[in-house]
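Please keep the model open while reading.

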Amino acid sequence: MLQRKPEHTGKLVFLSINKPRALCTSLALCTSIALFGHSVSAQNNRTDRIQREQIEEYCIGCHNFEDYAGSLEMETILNDPLSAHAEEWEKAIRKLRAGMMPPPGQDRPDTDDYLALTQWLEDRIDEAAPLNPGTKTLHRLNQSEYANAIEELLGIRIDPSLYLPADSSARGFDNQAGSLTISPTLLEAYTRAASRIARMAVGTWNSPTEMTYIVDADNSQNVQLDGMPFNTRGGIAVEHNFPADGEYAFSMQNFGLGSYIPGEKLEISIDGERMHLFDYTGLGIFVGMGGDHDGSLDVTLPVKAGTHLVGATFVATNFRPDIGLIQEYDRKSIENNDLPQVQYHPAIGMLKISGPFNAEMSVDSPSRKKIFICSPANADEEAECAERILLSLTRKAFRRPVTETDIAPMMTFYNEGRSGGSFDDGIELAVRRLLADPEFLVRREQEPANIADGEAYAITDLELASRMSFFLWSNVPDDELIDLAAANRLSEPAVLEAQVRRMLDDPKADAMVQNFGQQWLYLRNLPTTSPDGIFFPDWDAELRHAFQQETELLFESIIREDRPITTLLDADYTFVNERLAKHYGIPNIYGAHFRRVNLGPELDYRRGILGQGSFLALTWAENFRTSPVKRGVWVLENLLGTPPPAPPANVPALEETGENRITNLREQLTMHRQNEPCATCHAIMDGIGFALENFNADGKYRTMAGHPRQFGGQSSPIDATVELWDGTTVTGPSGLRNQLLKYSPQFVRFSVEKLMTYGVGRGTEYYDMPQVRKIVKDAEADDYRFSSLVLGVVNSPQFRMRMKTANNDLAGN
């Protein structure tokens, strides 16, 4: 007799019926199973009925066929299995998990019923979810990946924007397969780049070029720059690639306004070593107060080939105090601002580097050491040595073991170059061909034979190694990954976890900060952020850079220390230098270097991303005021994953008035949202923004609000007590943060969505959500630590599988 055990549902077992007693036992078990199954079915039916009744009571009133609120109609689909309309129900789940629905002012179930309804929706969809890992085949390297791969292969650091057009972004990231298209123009750019890079790497470059580096116009130049020697200030520091050994001309031009101070000195340094010191005596550069000056300081120096840190900075020999009556601001530059400000120190406007002149072949550059793993003693050994070099380079470039067949095209180019020149000329031409090869430029994944359309299958270990390295390093896999993958060991669970942890500990994981973190948190928008200098006279480039570095260091600490991802919301520490500490009102911090500081009760409002200047500066509205709406939208979009709908057309802007009856921005927005279509969305957004009104547009903490250009020049006390979207009343940044932490599971889900989008290279869709929830559930036991989320993504079908479609010859969505 064949039966199922209830504790092993779905597994068949044989039960002995050789004896009457065994038969009796078996029949009893059958009866028990039948009763148990009936009980479970009845319980499920009751649960389904109760939850559907809740939806009818609280949701159908708006989400019906006529009103169609939020482009979601539940009245019809409620009668079907939830899995049949998973896309629509996932929209509802997202809003429910963030506490956004029913909207403010509408009746809601009590907390237990609310959570039970949300869990029921998720359970019913997850248990019926089909396997759908999505599809993605061709995936071109983006600029960052291309530059990192060049450095890994050839040992030279390049600025990819000098060679390639800007990448398009989709779903918030510039590494999405569907947006990384390939055009004839782009292929020409890759070919030109390959030629220039190969010449620099091999050392055959001999024609002079010129590169100009411009200093930010609002750079005050009164602090030491990163990487510059102690006791220096201002100037400019750049990483410059010197293509060959030779002489290079350095020219500093467009000096800022200011007064000449006797004894000023300016030094040129390379990799921290002083190469030349100017006695700064004016020399026609400063001829009194005010005026424009076109003088320059020039010097020619010998430099070895390679990427070097070049600094042009002033020696900090003069710390003259301000004894005048004019108030000193942190911002020293005065372009386009009528500030009563004096620049006491000179400042560099640009640095030009030209060369090489009298170029020589470099025999010991970092790139040649990486390329020339052998050196032929005579002509008979050249072909064998060339094969060794190209096998090594091609293995890394193609991200897999290679054979002589794979390097045949490169050997053809080598032979052509060698026939008309030297051994080095042949290698240069072969490297040029390698860098233009589609297998280097495109991450292509092969399909197994006899796979039907719509069938899911596992990618190979080598393809997995490539996905992992571009996910965590934005770079090609290293030898250890390739070796394990070639032996088909990388997919073993213990090996895979060990490799993920090793990769997260590697310095190359900084790419997770520079590429994933910067784009998720919109840090790449900071360079274009600049409030009006009249109203924010302490804002300058140093402050803007400090804002960005603070957030990057916080994100890096989460990765390096394997902290919970929720640390981004409530970190009780931050990173500051003297400039940023002064802006925040943190005492006893000196010097330009960043250090970690704990945030005590007196600085509780600074905890987490909501207290950091990067977020606060990114969400200012106009030159002289904050925007509660933008801040609310940012939190909804980037922390909760519930962006509000786009505003309807022809919505009037906030009315500016000098009348005393409107005394602050809160009253102004209240008037703005009195009527639909503004009221519903603003009721969700505005509370978040007004809870953060203690932060000014430049991130400073304040208790009064108002500007001469607003509200008749009046200032008024800030009221940061608000009612949030879920009906909760909170006060200030701390109250808002604590309330957001109650929705931390939704924040974690959205973080996983972002990680999956970035890691897989396609947008996260509704059919991915069951797996996202599984990753979050599994990571809960580990307190949502960063490594547990990354491991969840790497182990997911979305990352380790693909689905064949009829058009799988194209890049995926």
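A residue is called buried under 20% relative accessible area, exposed over 50% and partly exposed in between, with a 1.4 Å probe and protein chains only. By that rule, 52% of the 813 residues in the chain are buried. This is a predicted model, in which local features need pLDDT of at least 70 and side-chain atom pairs count only at pLDDT 80 or more, while totals for chains, interfaces and linings use all residues. Residues are numbered from 1 along each chain as its sequence is written, and side-chain values use heavy atoms, with hydrogens and water left out.

The chain has 26 helices and 20 strands; these are DSSP runs numbered from the N terminus, helices being H or I with at least four residues and strands E with at least two. Its accessible surface is about 36500 Å², and 51% of this belongs to carbon and sulfur atoms; the areas come from the Shrake-Rupley method with a 1.4 Å probe, and for residues only the protein chains shown count as cover. Contact means heavy atoms within 4.5 Å. Of the contacts in the chain with a separation of 6 or more, 71% are between residues 24 or more positions apart.

Two packed helices are described by the angle between their axes and the distance between the axes. The axes of helix α23 (residues 744-760) and helix α25 (residues 786-794) come within 10 Å and cross at roughly 50°. Here axes are lines fitted to C-alpha atoms, for helices over the stretch in contact, and angles run from 0 to 180 degrees between N-to-C directions. Angles under 35 degrees count as roughly parallel, over 145 as roughly antiparallel, 65 to 115 as roughly perpendicular and the rest as oblique; α23 and α25 are therefore oblique to each other. On the α23 side, Val 748, Val 752, Leu 755 and Met 756 make the contact, and on the α25 side Phe 786, Leu 789 and Val 793 do. In α25, nine of its nine residues are buried, among them Ser 787, Ser 788 and Gly 792.

Which strand holds Phe 314? Phe 314 lies in β9 (residues 306-315) and, at 0% relative accessibility, counts as buried. Asn 222 is 92 residues from Phe 314 in sequence, yet the C-alpha to C-alpha distance is 9.4 Å.

His 545, in helix α15 (residues 541-560), is partly exposed, with a relative accessible area of 41%. His 545 and Leu 580 are 35 residues apart in sequence and 9.6 Å apart in space, C-alpha to C-alpha.
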